[in-house]
Amino acid sequence: MAGRQPPRLLRKTLTVTFVTVALLLGAVFMVVMVTVRQQVRQTVIDNLESSQRLFAALETRRQGELRAQAATLAEGPTLKAALDTYTAEAITIDEAGRHQLLSTIAIELRKVAARIDGVDALVLVDAASTVLAAAGP
């Protein structure tokens, strides 16, 4: 009896059962892996969309602040008057008068720069791209 082998039906049944369980476990593993991958991908997409919306809101706010600063520059009555005077008299005035007008423009530009936060420099140029005045730290 020492050399007795299990019956063939028992071996076949165990083999079929083992293969079936292995295939089912493999299929379950694949389904779980695909599901987790899709969930991770969707989570990353949602996070990126949320970050994109946040950055868009920040950029919109920053652009609004820049527009407000530009409006402040454009509507400053004293700087506007100094520029209008310079434009009107720049051709006919002598060098001392021109220097005085540019000095007035520089003073007014410094006042405007002091009112605007976060600006490193303001540079005022004429139509020919000649620097008239600059202000800032």
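**Salt bridges in the model**

Okay, let's start in helix α3, which runs over residues 95-115: E108 and K111 sit three residues apart there, so about one helical turn separates them. Keep in mind that this is a predicted model.

That spacing goes with a contact, too. E108 and K111 make a salt bridge, and their closest N and O atoms are 3.4 Å apart. Now, is E108 buried or exposed? E108 has 10% relative accessibility, so it counts as buried. K111 comes out as partly exposed, at 48% relative accessible area.

How many salt bridges does the structure hold in total? Three. The general idea is one you all know: side chains of opposite charge can pair when their charged atoms come close.

On to helix α1, residues 8-75. R62 and E59 are three residues apart in that helix, so again you have about one helical turn between them. They form a salt bridge, with 2.8 Å between the closest N and O atoms. As for accessibility, R62 is at 41%, which makes it partly exposed, and E59 is partly exposed as well, at 31%.

Which residue does R61 pair with? That would be E65: the two form a salt bridge whose closest N and O atoms lie 3.7 Å apart. Both residues belong to helix α1, and they are four residues apart, about one turn of the helix. R61 reaches 56% relative accessibility; the cut-off for exposed is over 50%, so R61 counts as exposed. E65, at 44%, counts as partly exposed.

Okay, that's my tour.

Technical notes
Residues are numbered from 1 along each chain as its sequence is written. This is a predicted model: local features need pLDDT of at least 70, side-chain atom pairs count only at pLDDT 80 or more; totals for chains, interfaces and linings use all residues. Side-chain values use heavy atoms; hydrogens and water are left out. A salt bridge is a side-chain nitrogen of Lys or Arg within 4 Å of a carboxyl oxygen of Asp or Glu. Helices (H or I, at least four residues) and strands (E, at least two) are DSSP runs, numbered from the N terminus. Buried means under 20% relative accessible area, exposed over 50%, partly exposed in between (1.4 Å probe, protein chains only).
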